[in-house]
Amino acid sequence: MLLRCKLFGKTYEFRDLRELMGKANEDKSGDHLAGVAASSAIERVAAKYVLSEVPLWALYEIPVAPYEQDEVTRVIMDAVDQNAYAQIKTWTVGQLREWILDNKTTNDDIKKIQNGLTSEMIAAVAKLMSNMDLVLAASKIRVVTHANNTMGEMGRLASRNQPNHPTDDPDGIRAEIYEGLSYGSGDSVIGINPVDDSLASVQRLLDMSYKVIQDWKIPTQNCVLAHVTTQMEAMKRGSPAGLVFQSLAGSQKGNESFGISVGMLDEAYEIAKKYAVVPGPNYMYFETGEGAELSADAHHGWDQLTLEVRCYGLAKRYAPFQVNSVVGFIGPEYLYDARQITRAGLEDHFCAKLTGISMGCDACYTNHARADQNSLENLSILLAAAGCNYFMGVPMGDDPMLSYQSNSFHDAPSLRQILKLRPLPEFENWLVEMGLWDKEKLLLTDKAGDATMFVR
Amino acid sequence: MITQQQIESIIDAVVAELQRQGLVRNERPFVPSGAGDLNLDLPDITALEYRTRAYVENVRKPDVLRALMSTTPSRIGIGHAGPRYRNIPQFIFLADHAVTQDALFKEIDPALLQQFNLFEVQTQASNRQEYLLRPDLGRKLSDTARKTLQEKCVKKPDVQIYVSDGLSAAAIEHNLRDIFPVIQQGLQQAGLKMGTPFYVKYGRVGLLNDVNSIVDAKVVVTLIGERPGLGRAEAASVYMGYRPQSDSNDADRDVVCNIFNGGTNPLEAGAYVVEYIKRMLKHQASGIKLKLIEQGISK
């Protein structure tokens, strides 16, 4: 294998596809930590240039981890539609980029080849794209799902109501749910991260959140983001759950560090189909994030974007209602500052949509990253323009349980107003019935922001 | 000599002529109103009363809103301007984030180190940015630091204590005066042989192992600044381990965390730490192993 080019008279050569893929990435601290990043700006460009001439079949044949040794690889490879793959396998990565961006290429065209792509190919094409390329390309691709309501249609933007509480106090969580609903947050899911992962705690929060949904006839679904096994047990015992959640990694070893396997996820999916209190056909909710594999020493010497896209390949097996990367949560040793977090957020969203899954984003940061609420707001505007399916809704963006900052209850209505977007259709009608949303002007009404309307 | 008044009347005449010719538009020049000095003396909006206040306009049930707000530390009842934040809640949030950021990039006050006779050494991280990017470097002493500790520190003590900024030097400044004497006195009263205390800039928790490769203590203890929460940069932790080795990890350590006035009180935290150290010395173990021994599951 020869991977070589010249720039300004100087030769740049790359040992193999793994090295090439690492060095073709935009600058990220995690790739430096892993020792796979380009050593100079010009070497990065050389890697992108060489990668653009690599045919897709080469990426198909050299996955991150061998088929025999890694079940995530097996999930991705076994799902490849060989007819679709035959159409594109001789394309180069550069050709794929220009084809996706071409004005003649539509959502339908992309859907026709989508199932012939592997995660490595999708990560490769993202490495050749600028930020605006990623926004434009993603904006072409719609992935529509349905649980209790319809996610992902053109012109819609949803918000996960994330009412976390440092001691899981049901009264406090309920108060936050009310506040969020009064701002039109909750159409993606009412999703609670519990402090206490025990069965009793998870059951209590499922019961409480489901009761709010029932009492106010809200077209949405609930979810308690405990370990998947706890949720499965709760559902078997009759607890009402709308979506089943789990965090994913892009390699078998990474998933082992989360205490999960493909077999376990298959079982969770079957239980969800059987017991989830929504009509479906989509029942699953996954979270991901660049760098998780490296932190578990499960990256096989590959870059963090490629591993991230393999999470989407795995997620696709379960036709998830929604997936989001928690892009800024991991910390500055993986994504150092606002610029790197922004880039990763745009990459993750595009790659997930090209994979064919319903993608949102937890645009967020921790307090030791060089980022702030302004940079998080910037990313959410870019992603909303890219057709991102949903964001988080946290009281003023400050989550005192997870100790990080994300989008606020105020952000979804602001984005809807700025970009002329609507809540999910069933939820929009409910908001109108509640007198909270002006369907003509696409604005919150004067009644918004008063949580006491939900206290009878 | 020509007076100010005469100059002004000449200027007025010239300006009037220019205006007549249409060369200058007839506008009133800016005249200060003389309404008085601007005096702004604003209250501290980070005080509890501003944090617990409801900022929602035209709230239907004010009592109910107060009750809802009392159930959670989350920022609810904050109202809105259009779909955005109102001013005061916005400033409270910004102030909270700002103290967090300042804490993260702040260096420790040298006077405080002097007060406690702590000499300063550094890890292999050469600056704050490298410290954030390379956690591995924060777990290793620099060559200079190794030499200094060799020279200055008592070897083979029962207990070695050192202090490190970690992710918040402010946390050390907030807690050191309270917690440090409690730990020192507690250990002295127990008749334990103390190591020579010092301060490490840019330390991570795992530095315990590298420090003990030099001092060879039975128990090594570090007071270290925690990752700041929003508006809460003052929390420190104490991590400690029995005979830390190069491969010791979190499972081999014990921790007292969230130490600050408002969390785990630093005086009480100091007492917990002394108790932990005594138990570690008694059972010659720490972390999970100590827990299992004390539960009678393991020896």
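Over the face of which residue does A:Arg456 lie?

1. A:Arg456 lies over the face of A:Trp216, at 4.1 Å from the ring centre, where a charge counts as sitting over a ring if NZ of Lys or CZ of Arg is within 6 Å of the ring centre and within 35 degrees of the ring normal. A:Lys273 likewise lies over the face of A:Tyr269, at 4.2 Å from the ring centre.

2. This is a predicted model, in which local features need pLDDT of at least 70 and side-chain atom pairs count only at pLDDT 80 or more, while totals for chains, interfaces and linings use all residues. Residues are numbered from 1 along each chain as its sequence is written, and side-chain values use heavy atoms, with hydrogens and water left out.

3. A:Trp216 also belongs to one aromatic cluster, together with A:Tyr178, A:Phe427, A:Trp430 and A:Phe454. Rings of Phe, Tyr and Trp (its six-membered ring) pair if their centres lie within 6.5 Å, and planes under 30 degrees apart count as stacked, over 60 as edge-to-face and the rest as tilted. By this rule there are 14 aromatic pairs over all chains. The ring centres of A:Trp430 and A:Phe454 are 6.2 Å apart and their planes stand at 15 degrees, so this pair is stacked. The two residues are 24 residues apart in the chain.

4. Both partners are buried, which means under 20% relative accessible area (1.4 Å probe, protein chains only): the value is 4% for A:Trp430 and 2% for A:Phe454.

Notes. Chains lettered and ligands numbered in written order. Helix = DSSP H or I, 4+ residues; strand = E, 2+ residues; numbered from the N terminus. Buried < 20%, exposed > 50% of the residue type's maximum accessible area, 1.4 Å probe, protein only.
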